[in-house]
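Dear colleague,

Please find the structure below, handed over for your records.

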Amino acid sequence: MDWLTAENLIALVTALLGVLVSTGAVWYERRVPHQRRIGYRVQLDTTIGNAAANGAVTGPGAAVRRGFFNTSPDLRNATLVLLRIENDGAMSIGADHYTDGDDHGLTVEFAQRRVKAVVVTAPDHPRLLSHFPDSWQGPAEGAATILLPKVPLNRGAHYKLLVLLTGGPIGDPVSVDGNLAEGHVHVNHSTTPDDKPPVFSRVARTVTVVLTVCVVALAAIIVREQTPPPIGCARGELTVTGSTAFAPVVRELAKKYEKDCEGSKVTVSAHGSTSGIRGLAETGPKSAKGSPALIALSDGRKPSGYPQLRESMVAVSLFTLVLNDGIPVDSLTLDEIRRVYRGEITNWKQLVPGLDQPVLLISRDANSGTREVFQRRVLGRNELANSSLNCSTLDDPASKVIRCELDSTEQVLSTVAKLPGAIGYTELRSGSGLKGLHRVAIDERRPLVDEIGESSYPYREIEYAYTWGQPPADSLTSSFLTYLIRGSGQDVILTHGHLPCATPKGLRICGDG
């Protein structure tokens, strides 16, 4: 029963509620014999007095009077009230249903005004006038109340009182009181002669409002229901760690993916290839969902001893040596590089006669994949031990050369550019366009993406992406890997100076290892 979800149940209940309310409202209004009701309302309340002595019209409710009204001083503050009294309930009302007394059924009361005269009309129900016989004298002049006889009213029947009043302003309260057996008297509302008649009845308006609320509720549920992400996309959060050399590529790709795939969040937290591999190995067994939302990038294959990690080849990365601009060296032989990093060349004057400048080795820490590739592909051995904390002074008297270790590619580049005599290494793109340093060729061979596989340039390596086992096909981890390796990531990888393994040329080189 896949349809039996919380959202579907709410939608079904809301729809049923709308139908039941609509049906119930009409049935209740038309069929249920509820209480007897007499409703009343003032349809007209206007002045025929309050004119200034000179005939000018002034103030609220002022009027221009001519003829009889103008020649009757006692009508100077007179008003006319048209009062409608009707049976607006579902049951007929007989004379015996009035319970206020023997001689009257309802009492009309005026707060400040006093009755001058009254006219009773019933244009739609003339027979009702027979209940106002000659014996009904109406109110005494100057009275504040009108006692009405017990007028039987069928459902919808009504009569009106046109009352001439004095002694108070228009809008002065008017009330009708009385007691009904199994019923009540109340103020109702309808249009006055100056109002625009409603298009729909009160019942129709009520039903329409209820149905509208139901439709809005259903629409809210539908809108809240998440639509599937675009093909190839996934929602959720993902962390990419590992290689700092490849981090600029992944940061740009993360922004593109988040823009293309709404609802995704990709965080890049690069602290070195080895650190990333170890972090993935520690996080994997703790994940309750099997494969955690974590990808570790590594410059070269992972160290041995992590059988649970699944690898994917991403790109061929090129790396380069960088040298402070104060050293006019454009190329070093492989032997010269090895001698520099073994501590046999400690001053650049050994390579450039007349240039007395100590060699400063600016290296990466042991977690760095860039360093591991440099040691394996270029040096053929490990680097010397760390001998300096600030990269400019020797802290180990036994060491022949100043060598320091830094945490990131960015730190290496800024330090090499700042310190005279400094040499370091970085991925290809990061070593370009920076002031204070320049690239160094190896045996006159330069790192060029177009020549990968054709040139014998040694400082290159395959970039790997590792996950804990096989991530689910519909996960953000799997989706982003595909985006990185075979999707839009290829163009970004090329822009940053790497060769995607998914290209024809990259397939051959990555396949050869």
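Counted along the chain, the bonded cysteines pair in the pattern 1-2, 3-4, 5-6; a disulfide here is a pair of cysteine sulfur atoms within 2.5 Å. The model is a predicted one, in which local features need pLDDT of at least 70 and side-chain atom pairs count only at pLDDT 80 or more, while totals for chains, interfaces and linings use all residues. Residues are numbered from 1 along each chain as its sequence is written, and side-chain values use heavy atoms, with hydrogens and water left out.

The structure holds three disulfides. In the pair C233 and C261, the sulfur atoms lie 1.9 Å apart. The torsion about the S-S bond of C233 and C261 is about -60°, so this disulfide is left-handed. Both C233 and C261 are buried (buried means under 20% relative accessible area, exposed over 50%, partly exposed in between, with a 1.4 Å probe and protein chains only).

C391 and C404 form a disulfide with a sulfur separation of 1.9 Å. About the S-S bond of C391 and C404 the torsion is about 100°, so the link is right-handed. C391 has a relative accessible area of 4% and is therefore buried; C404, at 1% relative accessibility, also counts as buried.

The sulfur atoms of C501 and C510 are 2.0 Å apart in their disulfide. This link of C501 and C510 is left-handed, with -70° about the S-S bond, and both cysteines, C501 and C510, are buried.

Yours sincerely
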